Amino acid sequence: QVQLVESGGGLVQAGGSLRLSCAASGSISSINDMGWHRQAPGKQREWVASITSSGRANSADSVKGRFTISRDNAKNTMYLQMSSLKPEDTAVYYCFVVDRGIHWGQGTQVTVSS
């Protein structure tokens, strides 16, 4: 089983920045895609960004230009640098990795105050 531990969430004012981390451990074989989803109160979970094992990144239009996804394959760790945060970015952020199936983290709360 692959375990994911997220960190870096918290409370920030609009316009501020946060960096989320997602560290994978356990029965890792070969991690392919990694990424983030988020779920705001009363809304469906939505995809935020993802990155392939070769480093090709993609992100949702709502965060493009503000969020940057990256990964350190040697550490099995992924990052989401979030800048110019808006109140509508408030959500629980979940990381996922694809390694013989998809594995999810437990989520980290990000709250952006106006």
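What follows is a set of questions and answers on this predicted model.

Q: How do you know that C22 and C95 form a disulfide?
A: The rule asks for two cysteine sulfur atoms within 2.5 Å. The sulfur atoms of C22 and C95 are 2.1 Å apart, so the pair meets the rule. By this rule the structure has 1 disulfide.

Q: Which parts of the chain does this pair link?
A: C22 belongs to strand β3 (residues 18-26) and C95 to strand β9 (residues 91-98). The two cysteines are 73 residues apart, and the pair links distant parts of the chain.

Q: Why is the disulfide of C22 and C95 called right-handed?
A: The torsion about its S-S bond is about 60°, so the disulfide is right-handed.

Q: Why is C22 called buried?
A: Buried means under 20% relative accessible area. C22 has 0% relative accessibility, so C22 counts as buried. C95 also has 0%, and therefore counts as buried.

Q: What makes E46 and R38 a salt bridge?
A: The rule asks for a side-chain nitrogen of Lys or Arg within 4 Å of a carboxyl oxygen of Asp or Glu. For E46 and R38 the N to O distance is 2.6 Å, so the pair qualifies. A search of the whole structure finds 4 salt bridges.

Q: Are R38 and E46 buried, exposed or partly exposed?
A: R38 has a relative accessible area of 6% and is therefore buried. E46 has 35%, so E46 is partly exposed; that value lies between the 20% and 50% cut-offs.

Q: How do you know that D89 and R38 form a salt bridge?
A: Their N to O distance is 3.0 Å, and the cut-off is 4 Å, so the pair counts. D89 lies in the loop between β8 (77-82) and β9, and R38 in strand β4 (residues 34-39), so the pair ties together parts that are 51 residues apart in sequence. D89 has a relative accessible area of 0% and is therefore buried.

Q: What makes R100 exposed?
A: Exposed means over 50% relative accessible area. R100 has 60% relative accessibility, so R100 counts as exposed. Its salt-bridge partner is D99, at 3.1 Å from N to O. D99 has a relative accessible area of 2% and is therefore buried.

Q: Which residues do salt bridges with shared partners join into one network?
A: They are R38, E46, R66 and D89.

Q: Which residues of the largest nonpolar core touch the most other members?
A: This core has 28 residues, and W36, V48, F67, M78, L80, M82 and Y93 touch the most other members. Elements that give two or more residues to this core include β1 (2-7), β5 (46-51), β7 (67-72) and β11 (108-113).

Q: What does M78 touch?
A: Residues up to four places away in sequence are not counted. Among the residues that M78 touches are L20, C22, M34, W36, I51, I69, C95 and F96.

Q: Why is S59 called buried?
A: S59 has 13% relative accessibility, so S59 counts as buried. S59 is found in strand β6 (residues 57-59). Leaving aside neighbours within four places in sequence, S59 is in contact with W47, V48, A49 and K64.

How values were computed
Residues numbered from 1 in each chain as written. Predicted model: local features only at pLDDT ≥ 70, side-chain atom pairs only at ≥ 80, totals over all residues. Heavy atoms only, no water. Helix = DSSP H or I, 4+ residues; strand = E, 2+ residues; numbered from the N terminus. Buried < 20%, exposed > 50% of the residue type's maximum accessible area, 1.4 Å probe, protein only. Core = buried A, V, L, I, M, F, W, Y, C linked by side-chain atoms within 4.5 Å. Contact = heavy atoms within 4.5 Å.
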